[in-house]
Amino acid sequence: MKTTTKRKSTSAGIAGEHAAGIPAPAESAKSYECVALVLQGGGALGSYQCGVFEAMDAAGLHPHWVAGTSIGAVNGAIIAGNPPERRVERMHAFWDTVCEPMGVGVPIAMGVRALLDALPSVPALHAWANSLGALGALTLGQQGFFQPRAISPFLLADGSPQATSFYDTAPLKSTLEAFIDFDRINARGGVRLSVGATSVSTGNLRYFDSAHERIGPEHIMASGALPPAFAAIEIDGDQYWDGGLASNTPLDHVLTELPRRDTLVLQVDLWSARGRLPRTMGDVFDRQKDIMYSSRTRLGTDTQAQLHRLRHALHELLHAVPEATLDPQLRRALRAFTCDRVFNIVHLIYEAKPYEEQFKDYAFGLGTMREHWAIGLADMQKTLAHPDFFVKPPRSASVVTHDVHRIVAARENGDTA
């Protein structure tokens, strides 16, 4: 079954901006040396990223580099592992496959979908549908993704995958190979792919990067091997778990890359660091996940921005200080820390609905998936309606960030600045 997500043109929304002389986002993107897409991990929430990418693709915004963690690594591999004209189609096919219910879940899912179509505005019904989707994932697994192990891991103690995880992810390997051309990922001149994974033995985060090594299905699976659900994946003699355990947001990998280049970053997060105070234990579990997996995104972005501004200031200082007044060895040492490149970070964050609970990252129902996808599509279209977000900033700015949700929040709070 193929998802039919309706595309909406953004031309009407940005016509006024173009009249003011601001180029379209795709045109502005040409002024950067690199366009990077950064994708957080978040399981079933990952279809939001697909909606964002579909709107990007329709607007002619094509990334040179995709950095992803967990489900972000999967989505990134689909982008990098397919020709431009097939990327959205392959995303639809992958998500339709892994979200299709199995066994006894099929008639239940059909009945739930009929109810949601008849009563689309009842939050309690949506919450119930999401819980059924999550329950189906826990008890039956997901088609082409993972399946419950026949024997409880608590009955084993041999260090095997069967003893250290509840689900077998062998189906995912076949699915990845069906939807991703790994030869394309590893070919020169294609979209660069970086995926983060956590070493079980050292606890350190490692990025597997197609610019430096060959990427295969095992690297994508390692990036999403979240314990205790999934077993660690062995790569080059080491065992790796989900990259989100160490850092769920691979922005730092992009911003610290050497040599630095003028870069437009589109960062798509699935967890919001900001949220309401919990009122129930369910709220507590939900909020805990949000905080843990948002990876202090705002703090990380602000810290990297401050560091980059410091590099800019040092660059200007060295140019201002006469050669004769500074020891040559010290000048060389300081020059290694200077930079005059600019980063423009366009940020999109999924904002969970009130009826979504702590199981939102494993509620893999088709209806839920399509809802996330449609929200991502709409959020990116709203962002594209601000073409000034994509204009290359002046060198003096060093790092700028944009977030359409912040604009909406400011307007709701009466801030017209």
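Here are a few friendly notes on some helices in this structure.

1. This is a predicted model, in which local features need pLDDT of at least 70 and side-chain atom pairs count only at pLDDT 80 or more, while totals for chains, interfaces and linings use all residues. Residues are numbered from 1 along each chain as its sequence is written, and side-chain values use heavy atoms, with hydrogens and water left out.

2. Buried means under 20% relative accessible area, with a 1.4 Å probe and protein chains only. Among them are Ile71, Val74, Asn75 and Ile79.

3. Next, look at α5 (residues 87–99) and α15 (residues 366–384), whose axes come within 9 Å and cross at roughly 150°. The axes are lines fitted to C-alpha atoms over the stretch in contact, with angles from 0 to 180 degrees between N-to-C directions. The two helices are therefore roughly antiparallel (over 145 degrees).

4. What makes the contact between α5 and α15? Met91, His92, Trp95, Asp96 and Cys99 of α5 meet Leu366, Met369, Arg370 and Trp373 of α15, contact being heavy atoms within 4.5 Å.

5. Finally, helix α7 (residues 123–140) has 18 residues and spans 25 Å from first C-alpha to last, close to the 26 Å expected at 1.5 Å a residue; that expected span is 1.5 Å times one less than the number of residues. Its buried residues include Leu125, His126, Asn130 and Gly133. After α7 comes glycine 141, with a positive phi near 85°.

Key
Helix = DSSP H or I, 4+ residues; strand = E, 2+ residues; numbered from the N terminus. Parallel < 35°, antiparallel > 145°, perpendicular 65-115°, else oblique. Buried < 20%, exposed > 50% of the residue type's maximum accessible area, 1.4 Å probe, protein only.
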